[in-house]
Amino acid sequence: MSKSPQSAVDFAIHTRALNLWYGSFQALFDVNLDIKQGMITSLIGPSGCGKSTFLRSVNRINERLGYARIEGAIEVMKRNVYDPEVELIQVRKQVGMVFQRPNPLPISIRDNILFGHRLHSKSKGDEDDIVEEALRKVLLWDKVKDRLKDKATGLSLEEQQKLCIARLLPVKPSVLLMDEPCSALDPKGTEAVEELIWELRGEYTILIVTHNMAQARRASEECIFMLMGKVIEHSATEEMFVTPAQAETADYIEGRYG
Amino acid sequence: MFEATALNRRNDRTQALFRMLFLLMTLVLIVPVLIILTTLIVKGGPVLSVDFLFTSPTDGMTAGGIFPALFGTIWLVAVALLVSVPLGVAAAIYLSEYAPDNWMTRVINLAIINLAGVPSIVHALFGVGAFVIFFGFGTSILSASLTLAIMTLPVVIVASRESLQAVPHAFREACWNMGATRWQTIRKVVLPNAVSGILTGVILEVSRTTGETAPIMFTGAAFFLPFLPQSVFDQTMALSLHLFVVSTQVPGVPEALPYGVALVLIAMVLLMNSVSIAFRMYLRGKKKW
C-alpha cells in the first residue's frame, strides 16, 4: 500500500514539547509528534481541538496574529523553523499550504501556477514546462490546456482547489499542509481531490486536517487524534479506526461527541 | 378563506401611506437639484460658447470669457492631486497592510477622521500660515494646491484604505503561503485589485476640489490676472473664486455671466462624477471573485 521510498524512520516534521497560546488561552499542550516523510497523515478531532492551530504553526502562518505565542520546537526536514536564524520565506517555500476555500488569485490559470515560481526565480525560459508539469501532476492539464489564459476564478471549485495545489509545486515544497481541503467541494469534487492527494503521496509529506472521518480513513496512511489541544493518539489509520488504543478516540470515531 | 380582515385592510392603508410619504421626501430631495440645473441652463446657457471658454475676461470682468479661470482651476487641481494621491495612497497602504492594531494606529485613524472634519476656511488659514508665510511659497499655485491637497488627503486615504481592505484576505494568504513578502503581495495582488476603488475615490475628490473656494482664496487664487500663470509659483485665477467675484464683487456684470460661470463649474464636476461612475462600473464588470 505505501509507496513511501524512505524507510519509516525518516521524519519530515518533528515537534518537541510544542505549546501554543492565543493571548492567555492555551491552544496546544506539549505536542510531541513525528510525522513520517512521504506519507499522508490526517489530523482529526472535534472543532477547537487545536488541529488547525497545529497545522498553521508548521509554516508559521499563525504568527501573523500578534497574540499567538509559541514554546518548544517544530523541526521540518530536521531544522527548527522557529530558530531565529531561519528565513521565513524559505520556510513558506518548503511548506506549502492549501486552504479550506480554494483561493486562486484573480489572474490567469497560467499566472497562478507561475506566481510562486516568479517570486523566487528570475529565469523565464522554462515557464511553459513548469505550467504543464504542475498541471499534469494535479490531473488538470487535459482540462485546461487550451484555456491557460482564462481567469482561474472561472474554474469549478474542484478545479480551483486542484489549481491551488498545483501552484505550490513549482516552488518545490517537501511538505503540503491541507486545512480541510475538500469541505467546500461536492462529493464528486471531494473524491477527485482525494484521489489527487493520494497520487501525491511519496513525493510530498502531506498533513491534512479533516472533519470527515471517512475521508481520514480513505485518504490517509497515518492518523492523529487531538482533543483539547493535546495529542491523544497517533497511529496507522487502519489501526486507529479498527482498534483505537484510547477510549476518547473510540468515542470520537463512533460519533459520541465532536 | 383568504379574505382580508379589517386589520389587514388597516395595515394596507398604513403601508400605502408610508410608501407615499417616503416617495414624497425623495422627490423633495431632488427638486432643488433640478431647479438649480434648469436655472443654470436657462440663464447661463446663452452665454456659453467656444469664445466664452477660451478667451479672457474684458471690460473690468463684465464681458469676455473665463479661460484664465478655467486654466487656473485645472492647474490647481492637477498639482493638488500630484501631492495628495501618492501621499494618501502610501498612507492607506501602510494603514491597511502594515500597521499593527495598537494605540498609535488608532490615534492616526482618529487624526485622519478629524482632519476630514476641519472646515475648509480653517484649512485656508493653515495654508496661509504654513505654505504662504512659513515655507515662503507666497500666494501661488503651489501654496493653494498644497492647501487643497491637505484638505483632500483624508478622503483619499479613507477611500484607498477601504478599497485595499475590500481585497479578499484569502488572496494575501495565498501569496504569503507561496513565500511572497508583504511588499510583493501588495504590488502583485492587492494593489492591482484595489486600483479601481482608489481611482474612483480620487476622481470624486477631484470634483470636490474643483469647486472649493475658501482654501484657495488666500493662498493662491487671484481676483483678476491679465496673464496666465507661468509656473507653480505664480498666482492664478480659478473658476470657483471667479464665480464669487463676478457675482458679488464687480458692479455692472450682466446677469447671464455668473450663471454661465456656474454652469461651466457644475458641468466640470458632473462630468468628472460621471467618468468616475462609468469607470467604476467598467472595472467592476471586469473583476469577479
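Reader: How many bridges join β8(A) to strand β9 (residues 205-209) of chain A?

Author: Two strands pair if DSSP finds at least two bridges between them. Here 5 bridges join β8(A) and β9(A), which run parallel; Leu177(A) stands opposite Leu207(A) of β9(A). Strands (E, at least two residues) and helices (H or I, at least four) are DSSP runs numbered from the N terminus. This is a predicted model, where local features need pLDDT of at least 70 and side-chain atom pairs pLDDT 80 or more, while totals for chains, interfaces and linings use all residues. Residues count from 1 along each chain as written, chains are lettered from A and ligands numbered from 1 in written order, and side-chain values use heavy atoms without hydrogens or water.

Reader: Which residue of β8(A) is the bridge partner of Met97(A)?

Author: That partner is Leu177(A).

Reader: Are the faces of β8(A) covered or uncovered?

Author: In a regular strand, side chains alternate between the two faces of the sheet. Val175(A), Leu177(A) and Asp179(A) on one side of β8(A), and Leu176(A) and Met178(A) on the other, are all buried (under 20% relative accessible area, 1.4 Å probe, protein chains only; exposed is over 50%, partly exposed in between).

Reader: At what angle do α6(B) and α8(B) pack?

Author: Packed helices are described by the angle and the distance between their axes. Helix α6 (residues 141-165) and helix α8 (residues 182-211) of chain B pack at about 150°, with axes 8 Å apart.

Note on methods
Axes are lines fitted to C-alpha atoms, for helices over the stretch in contact, and angles run from 0 to 180 degrees between N-to-C directions.
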